[in-house]
Number of protein chains: 2
Amino acid sequence: MNAAPIWINGRLASTAELVITAFDRGFTLGDGVFETIRAHGIRCLWLEDHLARLRKAASVLAIPIALSDTIIADGIADLLGAAAYEESAVRLTLSRGPSERRGLWPPSLPSTPTLLATVAKLATASTPLRMLISRQTIRNERSPLCRIKSLNYGDNLLARREAIEGHMDDALMLNSAGRLACATVANVFLKIDGRWRTPTTSEGALPGLARHRLLRILDVDETTITPFNIAQVSVGFLSNSLSISPIHDIDGRSLDGADGLPASTDLFRSQ
Amino acid sequence: MNAAPIWINGRLASTAELVITAFDRGFTLGDGVFETIRAHGIRCLWLEDHLARLRKAASVLAIPIALSDTIIADGIADLLGAAAYEESAVRLTLSRGPSERRGLWPPSLPSTPTLLATVAKLATASTPLRMLISRQTIRNERSPLCRIKSLNYGDNLLARREAIEGHMDDALMLNSAGRLACATVANVFLKIDGRWRTPTTSEGALPGLARHRLLRILDVDETTITPFNIAQVSVGFLSNSLSISPIHDIDGRSLDGADGLPASTDLFRSQ
């Protein structure tokens, strides 16, 4: 188990401590959201944007956040200070909290959400990824959950497992129209006919914070990408708030390499 | 909070006790499954089928269950004995357990799943339900998660919330083809042109245990149901392992009443 403590509802606790009841709706129903934040020492990257996105996601599920951004930021800084990692990933998780009543939407919803932060050491070197296109499951691009980081990662888990069992690193997920949406924990950028392309959010892509910055750094078309297009990719990479990872191959077809990829250092230094 | 204790990994604990770490993958990723079981006193209805379905669902996510059916059944009986409710709903939840590593599918997955049971008093009288057809989200019928009761209930939550905000009781969920899949926590049976119909599981309907029995009791077509068909419904009801609930109206159009509905007593007395 991780040696760093956790921060929960305003206090630090030990990692091994049990902190959640059996009735927490994050656990029972996936009724919550989260953010994954890159940190150098005690400094979080893009923290303001992460907290704004957390609040927006919470509003989609109508989960109140009682604590101010300052209190949350201070808590994360305390956590990072205790961990003392050089590079780390902070996970900030918000659930609706323990419910006194069973059912999806009982008359009295819990008023004490669970807000917690954990931290893990981050290995920033990324090796090129072997990708497959998931055939077992698809991204539900018609769900509002596609546009937020909710706790409902079951489909992503299934797609990742499919990749691992196929001796690959990760999976590309198609949407209900059979077009590319994303990878299991990242947005996807592909160079096709000399142009960078990435799926629009309406295709099921999460509006990632790294993606948002890459749209400004690179000359990218937000567009639809079909499996036929994927067969024509020359270079590609995945992006999320932690890293940029080049794609080595897709369904066994090798790409040309890392030529023309944006530098990770450029992205993660930028505000 | 519920006065009855909870049963977790082989022991009884108090309801208010914190039992889950911040790293439990059921909480962080929806990496788990559950069953909802009707009980009279300490006797569970259809327990063997519920445990078989739990094991099947666990295998879809590759979560091991170390405890035998007998030990789980004994634990639930202890729980029900402590609760001493006349009619109750037992919820049996299995998650992959706390993970020492971050990421969707780390090299070393946790080997100690969380298996817990909670119990809530059940009100068995059901009033006819006012239904709307959800327009905010859809059922992902192309996901294997549709065929199991996973912890990923986010879309069902959104659909239910849409119903409550529209001053209705519950929502019917369409699939990506725009056809009926299910309600938010139940299968749907509708009488159209004098014939009972219910969506096939390939449309996104969960293979419910009550549904399975109703297919034998009633003369039902497993079929596709379009919104056009829904506009022609004369009678309808929802079913799950806890209850049969007649439908009062759909999107404001009143149905004919409870005429020809199967008796709840027939279903829930049957093995």
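Reader: How many bridges join E5 to E6 in chain A, and do they run parallel or antiparallel?
Author: In this predicted model, strand E5 (residues 87–95) and strand E6 (residues 114–121) of chain A run antiparallel and are joined by eight bridges.

Reader: And what stands opposite Ala89(A)?
Author: The residue opposite Ala89(A) is Ala120(A), which belongs to E6(A).

Reader: Which helix packs on the sheet, touching E3, E4, E5 and E6?
Author: That is H2(A), and its direction makes about 175° with that of strand E3 (32–40) of chain A. Helix H3 (residues 69–83) of chain A packs on the sheet too, where it touches strand E1 (6–8), E2, E3, E4, E5 and E6, and its direction makes about 35° with that of E6(A).

Reader: OK, so what order do the six strands have?
Author: The sheet is open, its pairing is antiparallel, and the order in chain A is E2-E1-E6-E5-E3-E4. Strand E2 (11–13) and strand E4 (43–44) are the edge strands, each of them pairing on one side only.

Reader: Changing topic, what volume does the second largest pocket have?
Author: Its volume is about 320 Å³. Of the 16 residues in the lining, those closest to the centre of the pocket are Arg53(A), Lys56(A), Arg147(A), Pro207(A) and Leu209(A).

Reader: Which element gives the largest share of that lining?
Author: H2(A) does, with six residues, and this is the helix that also packs on the sheet. Helix H2 (47–60) and helix H5 (209–217) of chain A are the elements that give two or more residues to the lining.

Reader: How do the lining residues divide into nonpolar, polar and charged?
Author: For the second largest pocket, seven are nonpolar, two are polar and seven are charged.

Definitions and conventions
Residues are numbered from 1 along each chain as its sequence is written. Chains are lettered from A and ligands numbered from 1 in the order in which they are written. This is a predicted model: local features need pLDDT of at least 70, side-chain atom pairs count only at pLDDT 80 or more; totals for chains, interfaces and linings use all residues. Side-chain values use heavy atoms; hydrogens and water are left out. On a 1 Å grid over the protein atoms alone, a cavity is a set of points where a 1.4 Å probe fits but cannot get out, and a pocket is an open set with protein on both sides within 12 Å along at least five of seven lines; lining residues have an atom within 4 Å of a point. Grid points are joined across faces, edges and corners, and a volume is the space filled by probe spheres set on the points. Helices (H or I, at least four residues) and strands (E, at least two) are DSSP runs, numbered from the N terminus. Ala, Val, Leu, Ile, Met, Phe, Trp, Tyr, Cys and Pro count as nonpolar, Asp, Glu, Lys and Arg as charged, and the others, Gly among them, as polar. Two strands pair if DSSP finds at least two bridges between them. Contact means heavy atoms within 4.5 Å. Axes are lines fitted to C-alpha atoms, for helices over the stretch in contact, and angles run from 0 to 180 degrees between N-to-C directions.
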